[in-house]
Amino acid sequence: MKATAKLSKDTVLADIDARIYGSFVEHLGRAVYDGIYEPNHPSANELGFREDVIEVINELNVPLVRYPGGNFVSGYNWEDGVGPVEDRPKRLELAWRSVETNEVGLHEFMKWAELAKTEVNMAVNLGTRGIDAARNLLEYCNHPEGTYYSDLRKQNGAEEPFNIKTWCLGNEMDGPWQIGHKTADEYGRLAEETAKAMKLVDDTIELVLCGSSSSKMPTFGEWEYTVLEHAYEYVDFLSLHLYWENFENDTANYLAKSVEMDKFIKGVVAICDAVKAKKGSDKQINLSFDEWNVWYHSKDADSKREPWDIAPPLLEDIYNFEDALLVGCGLITLLNNADRVKIACLAQLVNVIAPVMTIKDGEVWKQPIFYPFMQASNYGRGKVLRLDVKSDTYDSIEYKNVPFIETTAILNEENNEVVIFAVNRSQDQEMNFETILDGFDKLEVVEATELADYDIKKTTENDHDGMNIKPNDSFSVNNAKVTGTFKPLSWNMIRLAY
Ligand code: AHR
């Protein structure tokens, strides 16, 4: 098969907001306890955080981490996690039916974030709590000093404010499973008033309003419209969540599921702009895709677990090569919508539906999805170029006209590079790829790599070093034309210097 593409240095779709490579750490399962935090582990630092885990996370170059949930946040009292650790209460945690020890709270997590070289995207509880708890938490985190909560922060050891810039107004408030689930009107009003109060405390923050938990929710569309009608003037982003499953075990259909992500984004953009038009507003609401990933491998095991353990192994999906290819398609889709998607959080980061896994007292290891995320996050910085791609298409059980190739091109002016990411969805055909790049004096291939040649069900669970990015020697440049071959079922990165 053959695919052709054309781009020009001057036709830029959007600047990439680095926060598109965000991730997520929730107080859920072994994400925090026995994940990032294991005080008795040989690699733990004086705070109890595993340095070997931080080292691997640093390879992902994650600029933003959402915290502390997720469903967890809708029953969380942030005050439980500050002050002397020995005085903190143990609580029944209702979202995941576990016991929360509160050993790790706000100050500990902020220290971890510093070590992991990332910013925090903090969620407030709009399930069991509301305006008061949110504005107090913000005062605690961001106000310099001289008030009850800012002085309490100083007393608890943080002289300087945390200055957290990105905040989520609750989590998945449209979901009947959510503690404190609300109708769109109830949530819209609460979010509006909470946002108003929070921006009075600190008008430099950016706020994310909850959109739908998935595009399959019965309230999808109505929900977005209603909550935006209420809160439009006070918020900056609307959230989207999406988890992929392959219970049907159909690779062609599964790899096409990123098409649904694209449709979801474009639908939500249309709703944001419809509300903008109705209000006659000059302000644009952008998107925060603050939960996305594959999540299905662990569902059966989790449904059989007994409640009330501390750090039970929940949502420990063991990913395979097929999942890595779909995550690659997801990254490309987010980049190709970078004009409106400014934040995205791969859910999650450690142990819970995660690229990074830990063994208690043992190793840290990388799942297959680690590799496309790592390359995109490290090399997909700069501007997305408009790419005119022609590729054959296929039909699967759910999707029509799916292009065999999913691709994007990035202009990195700091490094004088054009970076192409591509997934070949074909299960048996190589793809000869030819791109014309206009506007560059001279081009040369710096690096061409692939994640390919693996069985689609291959995992790294018992073979931690068993999946690797390898060179792809087929790429060459002739004047403005770049040609090479993508193997069947492959994730690819081509870096070109100009
Ligand atoms: O990421 C796991 C869970 O998925 C989150 O807690 C929730 O927001 C979503 O349903």
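Predicted model: local features only at pLDDT ≥ 70, side-chain atom pairs only at ≥ 80, totals over all residues.
1. Helices (H or I, at least four residues) and strands (E, at least two) are taken here as DSSP runs, numbered from the N terminus.

2. Two cis peptide bonds deserve a look. Ala347 is joined to Gln348 by a cis peptide bond whose omega is near 0°, and Gln348 is placed in the loop that runs between β12 (341–346) and β13 (356–358). The bond between Tyr67 and Pro68 is also cis, with omega at about 0°, and Pro68 belongs to the loop between β4 (64–67) and β5 (91–93). As background, most peptide bonds are trans, and most residues other than glycine have a negative phi.

3. Asn102 is not a glycine, yet its phi is positive, at about 65°. This residue sits in the loop between β6 (98–100) and α2 (106–115), and because its relative accessibility is 1%, Asn102 counts as buried; the cut-off for that term is under 20% relative accessible area.

4. Leu489 likewise has a positive phi, of about 45°, without being a glycine. The loop that holds Leu489 lies between β25 (481–486) and β26 (490–497), and with a relative accessible area of 10% Leu489 is buried.

5. Which strands does β7 pair with in parallel? On one hand, β7 is joined to β4 by four bridges, the two strands running parallel, and within this pairing Val65 stands opposite Val120 of β7. On the other, four bridges link β7 to β8 (residues 166–169), again in parallel, with Trp167 in β8 as the bridge partner of Met122. Strand β7 itself, residues 119–124, is mostly covered, since five of its six residues are buried under the cut-off of 20% relative accessible area.

6. Helix α3 covers residues 131–142, and its 12 residues reach 16 Å from the first C-alpha to the last, which is close to the 16 Å expected at 1.5 Å a residue. Is this helix mostly covered or mostly uncovered? It is mostly covered, with nine of its 12 residues buried. The buried residues of α3 include Ala133, Ala134, Asn136, Leu137 and Leu138, and Glu139, Tyr140, Cys141 and Asn142 are buried as well.

7. Among what covers the buried residues of α3 are the strands β7 and β8, together with the helices α2, α4 (148–155) and α5 (184–201).

Key:
Residues numbered from 1 in each chain as written. Heavy atoms only, no water. Buried < 20%, exposed > 50% of the residue type's maximum accessible area, 1.4 Å probe, protein only. Pairing = 2+ DSSP bridges. Expected span 1.5 Å × (residues − 1). Contact = heavy atoms within 4.5 Å.
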